Amino acid sequence: SSMPNNGGWRSAGNEVIHAKKVLRTKHAVLFQMSNRLVQVAFFDKSELVISSRAGLVVFIDKRGEKTTYPLEAASTVVDPDFTKRMNYAKEVLRHMSGRPQETDDRRA
(Lines give C-alpha, C1' and ligand atoms only; values in the text may rest on other atoms or scores of the structure.)
Protein backbone atom coordinates (compact mmCIF):
# COMPACT_ATOMS: atom_id res chain seq x y z
CA SER A 1 0.00 0.00 0.00
CA SER A 2 1.08 3.61 -0.39
CA MET A 3 0.31 4.50 3.20
CA PRO A 4 3.16 5.25 5.62
CA ASN A 5 4.14 2.23 7.70
CA ASN A 6 4.93 2.67 11.41
CA GLY A 7 5.11 6.45 11.17
CA GLY A 8 7.37 6.71 8.12
CA TRP A 9 7.81 5.72 4.49
CA ARG A 10 9.85 2.58 3.91
CA SER A 11 12.32 1.93 1.14
CA ALA A 12 12.68 -1.37 -0.72
CA GLY A 13 15.26 -2.35 1.91
CA ASN A 14 12.61 -1.71 4.60
CA GLU A 15 14.42 1.29 6.09
CA VAL A 16 12.24 4.13 7.33
CA ILE A 17 12.92 7.12 5.08
CA HIS A 18 12.98 10.48 6.82
CA ALA A 19 14.24 14.01 6.22
CA LYS A 20 17.75 14.37 7.65
CA LYS A 21 17.99 18.06 6.85
CA VAL A 22 15.38 20.64 5.92
CA LEU A 23 16.30 24.13 4.83
CA ARG A 24 13.94 26.94 3.87
CA THR A 25 15.47 29.61 1.67
CA LYS A 26 14.10 32.70 -0.05
CA HIS A 27 13.12 30.63 -3.11
CA ALA A 28 12.54 27.04 -1.96
CA VAL A 29 12.40 24.38 0.73
CA LEU A 30 15.12 21.78 0.41
CA PHE A 31 14.82 18.30 1.92
CA GLN A 32 17.82 16.01 2.25
CA MET A 33 16.38 12.54 2.84
CA SER A 34 17.93 9.60 4.70
CA ASN A 35 18.04 7.58 1.46
CA ARG A 36 20.23 10.35 -0.09
CA LEU A 37 17.36 11.68 -2.20
CA VAL A 38 17.24 15.47 -2.41
CA GLN A 39 13.96 17.25 -3.03
CA VAL A 40 13.81 20.96 -3.76
CA ALA A 41 10.30 22.43 -3.71
CA PHE A 42 10.40 25.94 -5.20
CA PHE A 43 7.78 28.49 -4.21
CA ASP A 44 6.81 28.98 -7.88
CA LYS A 45 5.45 25.37 -7.80
CA SER A 46 8.40 23.88 -9.71
CA GLU A 47 10.35 21.04 -8.14
CA LEU A 48 13.56 19.05 -8.46
CA VAL A 49 14.08 15.52 -7.15
CA ILE A 50 17.71 14.43 -7.34
CA SER A 51 18.69 10.79 -6.82
CA SER A 52 22.43 10.20 -6.79
CA ARG A 53 21.80 6.47 -6.24
CA ALA A 54 19.67 6.14 -9.38
CA GLY A 55 21.69 8.76 -11.26
CA LEU A 56 18.53 10.67 -12.18
CA VAL A 57 17.04 14.09 -11.71
CA VAL A 58 13.31 14.73 -12.08
CA PHE A 59 12.19 18.26 -12.94
CA ILE A 60 8.58 19.31 -12.51
CA ASP A 61 8.03 22.71 -14.08
CA LYS A 62 5.63 25.45 -12.96
CA ARG A 63 2.87 23.92 -15.13
CA GLY A 64 3.31 20.52 -13.47
CA GLU A 65 4.99 18.86 -16.47
CA LYS A 66 7.51 16.22 -15.40
CA THR A 67 10.79 15.46 -17.20
CA THR A 68 13.48 13.00 -16.10
CA TYR A 69 17.15 13.46 -17.03
CA PRO A 70 20.26 11.39 -16.36
CA LEU A 71 22.16 13.18 -13.59
CA GLU A 72 25.44 13.03 -15.53
CA ALA A 73 23.82 14.89 -18.46
CA ALA A 74 22.11 17.56 -16.33
CA SER A 75 24.70 20.20 -17.28
CA THR A 76 23.91 19.72 -20.99
CA VAL A 77 20.13 20.19 -20.70
CA VAL A 78 18.93 23.13 -22.80
CA ASP A 79 16.13 24.38 -20.57
CA PRO A 80 16.87 27.68 -18.81
CA ASP A 81 14.29 27.01 -16.05
CA PHE A 82 15.84 23.61 -15.27
CA THR A 83 19.41 24.92 -15.43
CA LYS A 84 18.65 27.86 -13.13
CA ARG A 85 17.03 25.59 -10.54
CA MET A 86 19.78 22.93 -10.71
CA ASN A 87 22.45 25.60 -10.18
CA TYR A 88 20.51 27.01 -7.25
CA ALA A 89 20.06 23.54 -5.71
CA LYS A 90 23.79 22.78 -6.09
CA GLU A 91 24.71 26.05 -4.39
CA VAL A 92 22.33 25.46 -1.48
CA LEU A 93 23.58 21.85 -1.09
CA ARG A 94 27.18 23.07 -1.06
CA HIS A 95 26.22 25.53 1.67
CA MET A 96 24.37 22.83 3.66
CA SER A 97 27.31 20.43 3.50
CA GLY A 98 29.63 23.10 4.87
CA ARG A 99 31.94 23.08 1.85
CA PRO A 100 33.42 26.49 1.09
CA GLN A 101 32.48 28.13 -2.15
CA GLU A 102 34.93 27.72 -4.98
CA THR A 103 37.24 30.70 -4.69
CA ASP A 104 40.29 31.97 -6.46
CA ASP A 105 43.26 31.25 -4.15
CA ARG A 106 45.79 33.44 -5.98
CA ARG A 107 47.33 35.96 -3.67
CA ALA A 108 48.22 39.50 -4.78
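1. Phe59, Tyr69 and Phe82 are joined into a cluster by ring pairs. Rings of Phe, Tyr and Trp (its six-membered ring) are taken to pair if their centres lie within 6.5 Å; planes under 30 degrees apart count as stacked, over 60 as edge-to-face and the rest as tilted. The structure is a predicted model, in which local features need pLDDT of at least 70, side-chain atom pairs count only at pLDDT 80 or more, and totals for chains, interfaces and linings use all residues. Residues are numbered from 1 along each chain as its sequence is written, and side-chain values use heavy atoms, with hydrogens and water left out.

2. A search of the whole structure gives 3 aromatic pairs. One of them is the tilted pair of Phe42 and Tyr88, with 6.0 Å centre to centre and 55° between the planes. Because Phe42 belongs to strand β5 (residues 37-42) and Tyr88 to helix α1 (residues 80-96), this pair ties together parts that are 46 residues apart in sequence. Helices (H or I, at least four residues) and strands (E, at least two) are DSSP runs, numbered from the N terminus.

3. Phe42 is buried, at 9% relative accessible area, whereas Tyr88 is partly exposed at 24%. Buried means under 20% relative accessible area, exposed over 50%, and partly exposed in between (1.4 Å probe, protein chains only).

4. Tyr69 and Phe82 also form a tilted pair, since their ring centres are 4.7 Å apart and their planes lie at 50°. Tyr69 lies in strand β8 (residues 66-70) and Phe82 in helix α1, so the pair ties together parts that are 13 residues apart in sequence. Both Tyr69 and Phe82 are buried.

5. The charged end of Arg85 sits over the ring of Phe42, 5.7 Å from the ring centre. The criterion is NZ of Lys or CZ of Arg within 6 Å of the ring centre and within 35 degrees of the ring normal.
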